[in-house]
Amino acid sequence: MTFISEADIEGLLLDQLADLGYQCTSDAVIGPEGHASEREAFSDVLLLDRVRAAIARLNPAIPAEAQEDALKQFVATVSPSLIEENRRLHRLLVEGVPVEFYTADGTLRGDTVRLVDFNDPDGNDSLAVAQLTVVENGINRRPDVVLFLNGLPVAVFELKNPGGEQATMAGAFNQLQTYKAQIPSLFRTNAALVISDGLTARIGSLTANLERFMPWRTTDGRTIAPKGEAEQRVLVAGAFERARFLALLRDFTVFSHSGNGLFKILAGYHQFHAVRRALHSTLRALAMREARPETLREDPEDYGLASVRDYRPGDRRVGVIWHTQGSGKSLLMAFYAGQLVRCPELANPTILVITDRNDLDDQLFATFALCADLIRQTPIQVESREDLRAQLNRASGGVIFTTLQKFAPPAGESAYPVLTDRRNVIVIVDEAHRSQYGFKAKVDSKTGEISYGFAKYLRDALPNAAFVGFTGTPIDSADVNTRQVFGDYIDVYDISRAVEDGATVPIYYESRLARIELPEAAKPTIDDEIAELTEDEAQSEQERIKRQWSTIEALVGAKERLAMVAEDLVRHFEDRVAALEGKAMVVCMSRRICVALYDAIVALRPDWHSDDDAAGRIKIVMTGSAADPQEWQPHIGAKARRDLLAKRAKDPSDPLQLVIVRDMWLTGFDAPSMHTLYVDKPMRGHGLMQAIARVNRVFRDKPAGLVVDYIGIAQNLKRALAEYSAADQRQTGVDEAEAVAALQEAFEVVDAMFHGFDYQQGLTGTAQARLAIMAEAIEWILARQQEAAAREKTPEAQKRAHRRFQDATLALSICPKRSRWRRRATMHARSARPWASSRRCARP
């Protein structure tokens, strides 16, 4: 008898949905053959009587003919593409269906027919139907549970038995893909897909691949369910509580384009709750509404960090959101902007998005441009100070992108003119931890001119605006500027939780230092200078650093050294991609070194080179001008070239596998298939943490990212991680030697299980030999278990003996702490294999 069946999982789900206010029934009741039928045929996926009733209830002032016209518009198929249809219908669900009709006096009037009441969950008809049979093109399929909102199918649950050998989460996902292909009409209005076996549950969008089906680990945004707890109940309570599900449908769903076409994105739980907290903190900062305590329960204190919860109303400091790189920070900002635009208290606000680099401005602008439906307008990217002034000279509205440097006053002046004094202006700053956001005055030692940090100029220009900061790395504990401008934390989503959730992968570290030939007496000085050499300083400091340490660049870029780096890098990368398909980035100290290293690599692998930007396996991404040396010119191009290379680097099927950069693409660039970062440039602090995050994206079966160190960043990495929690430190910069040691221990445990069995042919033999060895290995294990059980005296001990090998294997695969699984696996291996020597058993 099965301990728990799929029917049991379905029953638990329906009971919980009923508790949340959903009506629950089955297709046996409302199907074409049911005693309370609501479908004329199995091909009907809309419950039309419920749709008509909802339209009439929500639009009493609109004539019945116009209501019917709206229904016809909604039901009609406009595009053969499922995702295109889903996008069109999503817009109609959120914004309503436009109609025209004649009033009693004969006037032609336009109006909008609402399909959903987003303000009152009780104003909607929420229904859960079990075992809904759908027949389309002669194919009969029956999803486990379908949720209907006002008669429209908006969610599909595919459930599995947690004890079933073949009933896996991957199987549930594949079943949904089959449904989409064979009964696509059921998914035209779909808002969410769920796969669950009760213990593990994941939610995803219509186009999400398996790795983008994510957990939902909280119901209230504060208490995070621990790993190991049954996930279905938390996911359903967190995402399908009726008010939250309406918000998820309207405010936290976006459509975007990639090289593979249109796709749909559903916010994760961390984004959903962070945005809601940020909105309430914004209203508090502008003193526009008394914040309700229950909606402002902050969690930074759980991390030992200060929060903005007790800040006084009207202080214009919204706070800082720290969500680790790779967890969707850019989309988080777009979701937040969408909430600001919809907020009635803000009365159509002006949103100013600020970065401190042009490439980041372009990347973030591109994300917002794709979310134009969500922010209900087309964002604007300003080109100059004059353009900035013109765009801010408006009565309301606008999502405006600019760089921080445009707030510098004219030469010789220390004040910036007021651009607008409106209160409904919200300034969103990306990577809000950088040093140039200070208020302090600085005196130029040569000219005597006084200048200030950009924070002062921002306040001068926007005296009544509210400021919110977003960062992928924590604020330095000694950083007072960030807190003065933005305040403390609103929300935290750190590395360890992102890795736990599968939002990012862990990062490993490997040292492959390439020697720099120096006199012994110079080494301490050079080491100190390399440790200080960094790009996360203000622009003026960067210029000073470049002049002061040009000697270091010459040593790092010496021809003999670069030849050594190139040879090692090529060998390492070829081994890497042989084991794990993907791409890599090389970070160099200067543009000269980028070109020299490129030449050294191409000398070893000529076939990697191509003069065509659309071909070749290796490229340099850098800026430059006609004044640069001739040998650099093939690698210098306009924005169009960089966009082409970015597209190629992001496409896992494109032959471009290795990109060399100095500072381009080290922040904000997202290429999930990139799994290795080769570092030959001194970096530290936030800049270092942002750079290594280029390899933490989730992609197919990629288990982790790898940072390969050629110049000695280990100590700087440790110092940068000092601002993170102990759990985060365990997930980032893990020494590869430690990972190899853990793998070796696991291998020795498994090797001990097969002591006396020759499995070498299973590793090196023909395909037929490997199949034969696999069958023999199974028989070997079963025989050893039978022998062990025969030696036991009691039925319970015999059962344990039959489970020992399975238990040992499970201990190796699921226990995150080495000491814990080592004890368990070794215990099982010892007890299951008494014929092995005690010395050999003691080694694992």
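A residue is taken as buried when its relative accessible area is under 20%. By this criterion, 54% of the 844 residues of the protein chain are buried in the predicted model. The secondary structure of the chain consists of 31 helices and 28 strands. The protein chain exposes about 37000 Å², of which carbon and sulfur atoms supply 52%. Among contacts between residues at least 6 apart in sequence, 70% join residues at least 24 apart.

Aromatic pairing was examined next. The structure holds 17 aromatic pairs. In one of them, the ring centres of phenylalanine 252 and phenylalanine 272 lie 4.6 Å apart, and the pair is classed as tilted because the planes meet at 45 degrees. Phenylalanine 252 is located in the loop between α8 (242-251) and β11 (253-258), whereas phenylalanine 272 belongs to helix α9 (residues 269-285); the pair therefore ties together parts that are 20 residues apart in sequence. Phenylalanine 252 and phenylalanine 272 are both buried. A second pair, formed by phenylalanine 573 and tryptophan 608, is edge-to-face, with 6.4 Å from centre to centre and 85 degrees between the planes. Phenylalanine 573 lies in helix α20 (residues 559-579) and tryptophan 608 in the loop between α21 (591-604) and β24 (618-621), so this pair ties together parts that are 35 residues apart in sequence. Phenylalanine 573 is buried, as is tryptophan 608. Phe252 and Phe272 also belong to one aromatic cluster, together with Trp216, Tyr269, Phe335 and Tyr493.

Threonine 676 is placed in strand β26 (residues 674-680). Its relative accessibility is 0%, and threonine 676 therefore counts as buried. The side chain of threonine 676 is joined to that of arginine 576 by a polar contact of 2.7 Å. When residues up to four places away in sequence are left out, threonine 676 touches Arg576, Lys583, Ala584, Met585, Val695, Leu706 and Val708.

A nonpolar patch on the surface is formed by Met774, Ile778 and Leu782, which together have about 300 Å² of accessible area. Leucine 782 is part of helix α28 (residues 767-790). With a relative accessible area of 40%, leucine 782 is partly exposed, because this class covers values between the buried limit of 20% and the exposed limit of 50%. The value of 40% for leucine 782 is also in keeping with the requirement that patch residues have over 30% relative accessible area.

Terms used:
Residues are numbered from 1 along each chain as its sequence is written. This is a predicted model: local features need pLDDT of at least 70, side-chain atom pairs count only at pLDDT 80 or more; totals for chains, interfaces and linings use all residues. Side-chain values use heavy atoms; hydrogens and water are left out. Patches are made of residues with over 30% relative accessible area and no salt bridge: like charges are joined within 9 Å, nonpolar side chains (Val, Leu, Ile, Met, Phe, Trp, Tyr) within 5 Å. Accessible areas come from the Shrake-Rupley method with a 1.4 Å probe; for residues, only the protein chains shown count as cover. A salt bridge is a side-chain nitrogen of Lys or Arg within 4 Å of a carboxyl oxygen of Asp or Glu. Helices (H or I, at least four residues) and strands (E, at least two) are DSSP runs, numbered from the N terminus. Buried means under 20% relative accessible area, exposed over 50%, partly exposed in between (1.4 Å probe, protein chains only). Contact means heavy atoms within 4.5 Å. Rings of Phe, Tyr and Trp (its six-membered ring) pair if their centres lie within 6.5 Å; planes under 30 degrees apart count as stacked, over 60 as edge-to-face and the rest as tilted. A polar contact is a pair of N or O atoms within 3.5 Å; within protein, one must be able to donate a hydrogen and the other to accept it, and residues adjacent in sequence count only if both atoms are side-chain atoms.
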